Amino acid sequence: MEQAVLREDMVDSLTHESKGCLQTPRLADAMRTVSREAFVEDDRAAYSDRSFERFGTRVLAPSTAARLLEALAPEADDDVLIVGVGVGYTAALVAEIVGPERVHAIDITRRLVSDARSNLATAGYEAVLVDRRDGAEGLPEYAPYDKILLEAAAVEPPRALQEQLADGGHLVMPLGAAEQTLTVVAADGSQRRLGGVAFQPMLVEGEQADTVERNRTHREDRERAQQAAQSRAGWEQEWIDWDDY
């Protein structure tokens, strides 16, 4: 079966009322146009609605990508930053809507940056800029952005990303740790929540997606516990042997 027919079937499935995650005509057209098989190794499974693992990251299922981009709501001529570009599929969908030259993407994992560049070139979107950066710091050189998509979870919106939003712009991200909510964060800090999601935590410099400890939340918990222990008054410190005083 031709790939174009499979893409059409995928879009029909996502727009069907049983799923209803794809509603915007321009996004539906983008999903009909972008060759998902350029981003997924298994051509036969490229249009099934399931996720894949690659280099320690998750390749989003089409329905998940649709939910993210419906919330992002990219429009023609928007300047967009994708944080956590992964294999590049969502960046390609955004590029189809706003133009490849207006899409900037970053990832902290070198192999994913290389993979995304190659995949985007294969799919015809080589003009998308992909760089290796710490996602929490964003890409200030090309700011401000009308829309920012963070494809990883964080317990609070990264300050640098909020500061890189244009007036009237917004950030879309999974907000939370154990329980996450797809959240639209406006430039003024106001939030709109759109339902539960489950994403991997955002990584920072020194962490890679394919290492043993990938959960930033675990590291933050340890740091906060250490800070709390150091801030306690003397009588609260269990390790003090009061018999010596």
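**Reading the sheet, strand by strand**

Strand S3 (residues 80-83) pairs with S6 in the parallel sense, over four bridges. Keep in mind that this is a predicted model.

Q: What holds the strands of a sheet together?
A: Backbone hydrogen bonds do the pairing, and it can be parallel or antiparallel. Here, take the parallel pair S3 and S6: Val 83 has Leu 150 in S6 as its bridge partner.

Q: Which way do S6 and S7 run, and how many bridges join them?
A: Parallel again, with four bridges. One place to look is Ile 148, whose bridge partner in S7 is Leu 171.

Q: And how do S7 and S8 run?
A: Those two are antiparallel: seven bridges join S7 (residues 165-176) to S8 (residues 180-186). Check Val 172, which stands opposite Val 184 in S8.

Q: What is the order of the strands in the whole sheet?
A: Read across, it goes S5-S4-S3-S6-S7-S8-S9, an open sheet of seven strands with mixed pairing. At the edges sit S5 (129-132) and S9 (191-197), each pairing on one side only. On average, neighbouring strands are turned by 15 degrees against each other, direction ignored.

Q: Which helix packs on this sheet, and which strands does it touch?
A: Helix H5 (residues 110-123) does, touching S4 (103-107) and S5. The direction of H5 makes about 170 degrees with that of S5.

Q: Why is S6 described as largely enclosed by the rest of the structure?
A: Count its buried residues, taking under 20% relative accessible area as the cut-off. Strand S6 (residues 145-150) is largely enclosed because five of its six residues are buried.

How values were computed:
Residues are numbered from 1 along each chain as its sequence is written. This is a predicted model: local features need pLDDT of at least 70, side-chain atom pairs count only at pLDDT 80 or more; totals for chains, interfaces and linings use all residues. Side-chain values use heavy atoms; hydrogens and water are left out. Two strands pair if DSSP finds at least two bridges between them. Axes are lines fitted to C-alpha atoms, for helices over the stretch in contact, and angles run from 0 to 180 degrees between N-to-C directions. Contact means heavy atoms within 4.5 Å. Buried means under 20% relative accessible area, exposed over 50%, partly exposed in between (1.4 Å probe, protein chains only).
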